[in-house]
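Work through the exercises below with the structure open beside you. Try each task before you read its solution.

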Amino acid sequence: MEIDDPQRMSTEIKRIAEFFGADLCAVTEIDDRWHYETRVDTRDMSEAPNHLPSGITHVIVLGHEMGAELVATYPSALAGAATGREYSHEAAIVMQVAAYIRNLGYEAIASMNDTALVIPYALKAGLGEYARNQIVITPEFGPRLRFSKIFTSLPLYSDQPKKLGVAEFCNICTKCADACPVKALPFGPPNVSTQSSSIKGVRKWTSDAEKCFGFWAKMASDCAICMRVCPFNRDFSKWRHKLWLKFALSPCCRFALALDRHIGARVKPSTW
Ligand code: SF4
Ligand code: SF4
């Protein structure tokens with residue numbers, strides 16, 4: 001199919017993504033800085049090249065909301081179902097959207113956590129803003145999202161990154177870093193990390209991944225306390241939370257932080 005209006009095609013793809021069940025969708029250009037150099041060949045666990053076909057120009061980034069009731073129980077094995085369910089949903093959704101694009105006559109490679117980092121792509125596509133807890137915070141679902149992506153040669157119109165005001169809020173809030181049981185999250189301003197598991201040369205808030213995942217391994221379960229306690233972990237379909245968001249992303253963010261007292265308390269898994 002000839003595409004003479006990439007902007008219209010982007011609108012169509014967003015509608016198709018929503019039809020297949022994506023909660024958010026945006027488009028950006030390909031950027032090799034965020035791609036893994038190699039991948040694992042699972043036949044013999046050796047290192048294999050991580051090439052995409054030529055002609056790929058854009059990345060479609062999809063967001064998938066995690067269930068708030070399960071996120072409220074972090075850390076727990078039960079809460080892991082909030083993550084697992086969205087991985088299952090996104091696997092189906094990215095394959096359906098990619099098949100749609102291929103049937104128009106273009107390349108489309110469906111991708112979950114493989115091939116490239118999705119967080120920089122979600123930020124570049126304007127879906128949200130990066131936060132101290134290492135998560136993309138969105139105005140629709142706060143931090144309660146998984147992301148997937150599709151690499152494509154379909155001519156599309158790119159969205160732009162958005163400065164929402166999340167970083168300003170994180171500058172005055174350390175709730176996630178305070179709540180982290182192993183103190184894996186930073187307290188100060190964004191920095192260029194020298195830690196062995198971190199991407200090099202990017203100034204950002206960076207966790208101590210060894211401490212964080214060491215805690216997961218010790219529990220033999222899932223921890224995302226830093227997602228649960230985040231003041232942006234709210235139901236923004238409710239007017240009072242919408243109003244809170246307006247304050248939080250404005251110069252009144254200190255007032256919004258002061259109003260946050262009751263957000264993020266842990267619910268026992270047995271309650272669910
Ligand atoms: S997932 Fe848990 S251990 Fe890791 S940074 Fe968040 S709160 Fe800390
Ligand atoms: S808990 Fe506070 S500092 Fe941490 S990500 Fe959320 S808003 Fe930012």
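**Exercise 1.** At what angle do helix α1 and helix α3 pack, and how far apart are their axes?

*Solution.* Step 1: find the helices, which are DSSP runs of H or I with at least four residues, while strands are runs of E with at least two, all numbered from the N terminus. Helix α1 covers residues 6–20 and helix α3 covers residues 80–103.
Step 2: take the axes, lines fitted to C-alpha atoms, for helices over the stretch in contact, with angles from 0 to 180 degrees between N-to-C directions. The angle is about 140 degrees, and the axes are 9 Å apart.
Step 3: classify the angle. Under 35 degrees is roughly parallel, over 145 roughly antiparallel, 65 to 115 roughly perpendicular, and the rest oblique. Therefore α1 and α3 are oblique to each other.

The model is predicted: local features need pLDDT of at least 70, side-chain atom pairs count only at pLDDT 80 or more, and totals for chains, interfaces and linings use all residues. Residues are numbered from 1 along each chain as its sequence is written, and chains are lettered from A and ligands numbered from 1 in the order in which they are written.

**Exercise 2.** Which residues of α1 and α3 meet?

*Solution.* Step 1: apply the contact rule, C-beta atoms placed from the backbone within 7 Å. From α1 come Ile16, Ala17 and Phe20; from α3 come Ile93, Gln96, Val97 and Tyr100.
Step 2: sort them by class. Nonpolar means Ala, Val, Leu, Ile, Met, Phe, Trp, Tyr, Cys and Pro; charged means Asp, Glu, Lys and Arg; the others, Gly among them, are polar. The contact has six nonpolar residues, one polar and no charged.

**Exercise 3.** Describe how the two domains meet.

*Solution.* Step 1: read the bounds, which come from an automatic or database domain assignment. Domain 1 is 6–152 and domain 2 is 166–271.
Step 2: compare centres. Over C-alpha atoms, they lie 21 Å apart.
Step 3: count the contact. Domain 1 gives 25 residues and domain 2 gives 29. On the domain 1 side, α2 (68–71), α3 and β6 (129–130) each supply at least two residues. That side has 14 nonpolar, seven polar and four charged residues.

**Exercise 4.** Where does ligand 2 lie, and why?

*Solution.* Step 1: list the shell, where a residue is near if its C-beta atom, placed from the backbone, lies within 6 Å. Ligand 2 has 13 residues around it, the closest being Ala131, Cys170, Cys173, Cys176 and Cys230. Two or more residues come from each of α5 (166–172) and α6 (175–179).
Step 2: locate it. Domain 1 and domain 2 both give residues to the shell, so ligand 2 lies between them.

**Exercise 5.** How many residues around ligand 1 are charged?

*Solution.* Step 1: name the shell. Among its members are Cys180, Cys212, Cys223 and Cys226. Helices α7 (209–219) and α8 (225–228) each supply at least two residues.
Step 2: classify. Eleven are nonpolar, one is polar and none is charged.

Notes:
Two residues are in contact if their C-beta atoms, placed from the backbone, lie within 7 Å.
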